[in-house]
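The sequence and the model are shown first.

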Amino acid sequence: MSVVVEGLEKAYGAHPVLRSISEIFEESEISVLLGPSGCGKTTTLRCIAGLERPSSGRIKVAGRVVYQGAPPVWVPPEKRRLSMVFQSYAIWPHMSVFENVSLPLRAAGLGRAQINEAVNDALQMVALAKFAERGATALSGGQQQRVALARCIVSDTPVILMDEPLSNLDAKLRVSMRADIKAMQRRLRRTILFVTHDQEEAMSIADAVYLYHDGRVIQKGSPREIYANPSTRYAAEFLGRANIIERFEWVETALGARFVLPGGVSLPCAVPHRPAPGSMLCVRPEKWRFTEADGSGVIAGDILETNFVGDRVEYVVATAIGQLSVTELGGANRRPDDRVGLDVSAQDIKLITA
Amino acid sequence: MMPFRAHESLRAGAFPVALLGLGFFVIALVVAPLVAILYRGIVELGDGSPGLTTRYLVTVLTGFIYWTALFNTLVISIGAALVATLLGTTFAWIFARTDTVGRGVLEYISQLPIFIPPFVGAVAWALLAAPRSGILNQLLASSGVPVSLDVYSHVGMLFVIGLYLAPYVMMIVAASLRSMDPSLEEAAQVSGLNRLQTAVRVTAPLIAPAILSGAVLSFTIAIGLFGTPIVLGWSRQILLLTSRIYISSQEVPPNYGVMAVLALYLVLMSSLATWLQRAVLGSRSYTTISGKGFRPRLVELGGGKWVTSAVAVLFAVSTIIAPIAILMAAALSRYTWSGEFALANLFGALSTDDVWSTLQTSIRLSVVSATAATAIGVLISWVVVRTRLRGRNLLEYLILLPISMPGIAFGVGVMLVWIRAPAPVYGTALIIILAFVGRFTAYAVRSTSASLRQVHPELEESARVCGYRPLRTFSRITLPLILPSIVAAWLLLFSFFMTELSMVVILYTAESRTFSVLAFEAWNVGDFSRLASYSLLQMAVGMFFMIVLNAFFRRADGSVDGPQPTPV
């Protein structure tokens, strides 16, 4: 019941939107298509749904080819047996909640008793059973979102597509809806493709993240893997915050390899061989540790800014290699202009490419 | 918001065929009449082969009567546009921005003149203020006031026309005033401008585009008016271009070349006005229109709120109440001002076979034309808004072309297209339908495409993913959502067609005489009593549809939370 795309390409005129995407979106997982707007993630989803016609390639949904460039295969959206949650929720304003949710079943020609039962189950699951007779537009944004979810789960389509489903909700509601979608997924074990531009949302909801950049998937993996081992500067900066060090030298010493930076700074190194030219170093802000003595450790610096955000403090530290972002959990009461020393472990310095 | 997307899956299939059909429709019914005017004005169609000629251009350009007609048209249209703009803007401000007593009801009433056929308004004002015989002049004379009104003059004509065009300006400017963010004015006051300075420096520039639009609209309507200038200008032979076109059409044989050149004049004038408006507005954006409903602070007029109220009442009296009263009085008299009134006269005038048959013709023509124009309009809107088909923008441009075009000019074009066509269209009722549909489908397109743009494409896409085929999606999702605009367009067109005179007067024949032609003939023979009865009936039709339209829109707006359909 997985979704497979092979060599998927799409162009608007001369402008390519998808550049040969070949991915398997695994069965019963939440696959998150992540990237900034215009990167091709929504286009991928719409091609899978049949709302856009790709330029070439092949799409298989649950083992069935629904699109193929050559020889041509085209299954219209209504025959693809998918469900989809749209960014605007797409709740039909001229229908009641019940009518909205029951439409996929009516389209499939199911009997009345069967429809009533399935719709009631679905509404129960999203806690909207009491609102069945309500006009769909008389609902709040969060409730409309849940109607859209109910419409997806009411029929037993194996694949659910979600196009930025939470982007129109306020921050609190967004977080609780995330949890709802995850809970729903644990119960129903459907294959979910989830498009978002919000990296935090992606990391919290995904089994697997597909990171898009300019019409390509540039990295995929579990959120943890991608965060810990970004392969490129783009991946490092899109998922979380990162200190990128562009200029360094890999030096072999008697005590093992070191990264030597301008200003006489030397960082520990776990890389056993000389990195390829154009490589950069990446250190996540929380990987820096403040040392006990001022100015000791691998780098000395002065605190420029402090930003208290509750459970942690974010610092900007001016050092010989430029300004560094440093995050400390809880933490001491450091102030601007304090002299500090920073340390980092060799395995927390990641080698990335441009 | 996401950009609107087309239905990908509709690219294939029988769709290009439908587009081809639409293209053919637009060319035959919209483009051909325009081309025909141009062609017939400069090409001689004798018995021999067609050849270029300057004969008609020379006739018109050297004829004193045509220069006079042009002069009259300009003076009266510009004057009327000024009167309408002045009145309309004033009333817009009174209703939208002051605490005038009864402004809600008064604003509603002040919009009603739009639904009074121009011909009918002219007839009423002829009865009210014709020199000497007009009832107002009789009242003035008998009370010894040494002033008299004269609607059979340039000033009288432009005043009456301006009066009936004022509501158009008022509606446009009032909408602009209402959609303006009041914080723009509040910011000016906080910055130290007093109320007058705020009005001059902030409010006026912001609503200037709306005022200009209103002025241009009234000008383009004014130059195309036929009934009003004929009724008011005939006795002193103050003839306009439209009157001259009509006179040429009555010659035996009709002077088609001159009609074409005069129609061309009208087309050029309306194009010029529209172009001028665009040039002046240029890139000025309408950012005041945010779509949000603001509640601007009202100006407190103190005792003045009764004065503005009285002014608004006076407007309603002069455009609606007095005209209705005078038409009633005239209709109930056996002959004009016999002093004896009897209901039997009204019913007598309205119960003849002539009335019955022309009314049937009008209704038949209007129903068929309104239905055809609305259906085609919906189709074109859908193609323009929802597909990526090549040529859709050209389609929209062409269909909207006649919207500011004087009806009589378009009527001349339609006549010229079909008069030599092998198909037996000229001289039948069909030619009137073709003219109506060609000229007015633009209104249906505007109404329904605006409404279609409000329907988020995801509503349709969602239905497709849920298992609805394209046609079912259109009929179950799209159509119900834009239904109010479709019904509104139909009602509007129907009420237009029921009283249309300026095209019909060029195209009708004995078998396709409409009710408006019957009324026109009654004026021709000077039977004002019968004319008043007919006018009342036409006015009743117009008002009835205005009220239906209003009621319909209130219900449509309210029904979002209204009665809920029952589940399966």
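Outside the four places on either side of it in sequence, B:Val412 is in contact with B:Ile37, B:Ile245, B:Met259, B:Ala260, B:Ala263 and B:Ile506. The model is a predicted one. B:Val412 belongs to the largest nonpolar core, which has 160 residues; together with B:Val123, B:Ala263 and B:Leu493 it touches the most other members. Helix α7 of chain B (residues 154-178) gives the most to this core, namely 17 residues. Because domain 1 and domain 2 of chain B both give residues to this core, it lies between them. Another core, of 99 residues, lies apart from it and includes A:Val66, A:Ile160, A:Ala235 and A:Leu281.

**Domains of chain B**

The domain assignment of chain B gives domain 1 as 12-53 + 340-559 and domain 2 as 58-178 + 208-281 + 307-332. The C-alpha centres of domain 1 and domain 2 of chain B are 23 Å apart. Their contact takes 40 residues from domain 1 of chain B and 36 residues from domain 2 of chain B. On the side of domain 1 that touches domain 2, the elements of chain B that each supply at least two residues are α1 (15-42), α14 (343-350), α17 (407-419), α20 (470-499), α21 (504-507), α22 (515-524) and α23 (528-558). The largest share of that side, 13 residues, comes from α23(B). By residue type, this side of domain 1 divides into 26 nonpolar, 13 polar and 1 charged.

**Contact between the chains**

Between the chains, 24 residues of chain B are in contact with 34 residues of chain A. On the side of chain B that touches chain A, α19 (457-465) and α20 of chain B each supply at least two residues, and α19(B) provides the largest share, 7 residues. The residues of this side of chain B divide into 13 nonpolar, 5 polar and 6 charged.

**A sheet in chain A**

In chain A, 6 strands form an open sheet with mixed pairing, in the order β7-β8-β9-β3-β10-β11. β7 (82-85) and β11 (216-221) of chain A stand at the edges with a single partner strand each, so one side of each is left without a neighbour in the sheet. From one strand to the next, the twist averages 20°. The pairing of β7(A) with strand β8 (residues 159-163) of chain A is parallel and runs over 4 bridges. Within it, A:Ser83 stands opposite A:Ile160 in β8(A); A:Ile160 is also among the residues of the core of 99 residues.

**Backbone geometry**

Most residues other than glycine have a negative phi, and most peptide bonds are trans.

| Cis peptide bond | Omega |
|---|---|
| A:Ala70 and A:Pro71 | about -10° |
| B:Val252 and B:Pro253 | about -10° |

A:Pro71 is found in the loop between β5 (64-68) and β6 (73-74) of chain A, while B:Pro253 lies in the loop between α11 (241-250) and α12 (256-281) of chain B.

A:Tyr89 has a positive phi, near 70°, and lies in the loop between β7 and α2 (97-107) of chain A. A:Tyr89 counts as buried because 24 other C-beta atoms lie within 10 Å. A:Ala127, which is not a glycine either, has a positive phi of about 60°. A:Ala127 lies in the loop between α3 (112-125) and α4 (141-154) of chain A. With 12 other C-beta atoms within 10 Å, A:Ala127 is exposed.

Terms used. Residues numbered from 1 in each chain as written. Chains lettered and ligands numbered in written order. Predicted model: local features only at pLDDT ≥ 70, side-chain atom pairs only at ≥ 80, totals over all residues. Domains from an automatic or database assignment. Contact = placed C-beta atoms within 7 Å. Nonpolar A, V, L, I, M, F, W, Y, C, P; charged D, E, K, R; others polar. Pairing = 2+ DSSP bridges. Axes fitted to C-alpha atoms, helices over the stretch in contact; angles between N-to-C directions. Core = buried A, V, L, I, M, F, W, Y, C linked by C-beta atoms within 7 Å. Buried ≥ 20, exposed ≤ 12 C-beta atoms within 10 Å, placed from the backbone.
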